[in-house]
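Student: I'm new to this structure and would like a close look at one part. Please take me through the nonpolar core and what surrounds it.

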Amino acid sequence: MKMNSTHLSPHFTLEEFINADKYPDNKPTMQHVANMTYGCLMLLEPARQVVGPILINSGFRNPRVNALVGGVRNSQHLLGQAADIRPQAPQQFQRLVAFLQAHELTDQLLTGNGWLHISWNPFGIPRHYIRIGYYK
């Protein structure tokens, strides 16, 4: 029996951000949840309005999960301030990149082959660090 989903925003759930099926010990704090909620409401929901459904490859990671997936030691994923995403419709990828590249609240945008890393900072001025083709 599957538990009810915990919505961070109308179209994004906590469960897709923590990938508890694969990493059962990947438990966020309330601050992490607040950070993820901010990212969903301020960046991911507006992006979804432009490109349609967005899939979360990776969201919050505790230190163990971050190490397992090869994340950098100061990853914003550890704070609940980042997600690796892709549009459900692959032909919307460039449109998603363009939208997030232009968004004033984008802290970091790094693109890979069909997916991208997006981060946000609810507590500071976004760096707007953009690197297209960062992940080869």
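Tutor: Happy to! A nonpolar core is a set of buried Ala, Val, Leu, Ile, Met, Phe, Trp, Tyr and Cys residues joined through side-chain atoms within 4.5 Å. Buried means under 20% relative accessible area, exposed means over 50%, and partly exposed lies in between, using a 1.4 Å probe and protein chains only. The model is predicted, so local features need pLDDT of at least 70 and side-chain atom pairs count only at pLDDT 80 or more, while totals for chains, interfaces and linings use all residues. Residues are numbered from 1 along each chain as its sequence is written, and side-chain values use heavy atoms, leaving out hydrogens and water.

Now to the core itself. The largest one has 27 residues, and those with the most contacts inside it are Phe17, Leu44, Ile85, Leu96, Leu100, Leu116 and Ile118. Two or more residues come from each of helix 1 (14-18), helix 2, strand 3, strand 4, helix 4 and strand 6. Helix 2 gives the most, with seven residues. Helices here are DSSP runs of H or I with at least four residues, strands are runs of E with at least two, and both are numbered from the N terminus. As background, nonpolar side chains tend to be buried together in soluble globular proteins.

Not counting residues up to four places away in sequence, Leu116 touches Ala83, Asp84, Ile85, Phe93, Leu96, Val97, Leu100, Leu109, Leu110 and Thr111, where a contact means heavy atoms within 4.5 Å.

Five strands form an open sheet in the order 3-4-6-5-7, with mixed pairing; two strands pair if DSSP finds at least two bridges between them. Strand 3 (54-58) and strand 7 (129-131) stand at the edges with a single partner strand each, so one side of each has no neighbour in the sheet. From one strand to the next, the twist averages 25°. Helix 2 (residues 30-51) packs on the sheet, touching strand 3, strand 4 and strand 6 (116-119), and its direction makes about 135° with that of strand 3. Such angles run from 0 to 180 degrees between N-to-C directions, with axes fitted to C-alpha atoms, for helices over the stretch in contact.

His103 is buried, with a relative accessible area of 14%. Its side chain reaches the backbone oxygen of Met42 at 3.3 Å and the backbone nitrogen of Leu105 at 3.0 Å. These are polar contacts: pairs of N or O atoms within 3.5 Å, where within protein one must be able to donate a hydrogen and the other to accept it, and residues adjacent in sequence count only if both atoms are side-chain atoms. Leaving out residues up to four places away in sequence, His103 touches Met42, Leu43 and His128.
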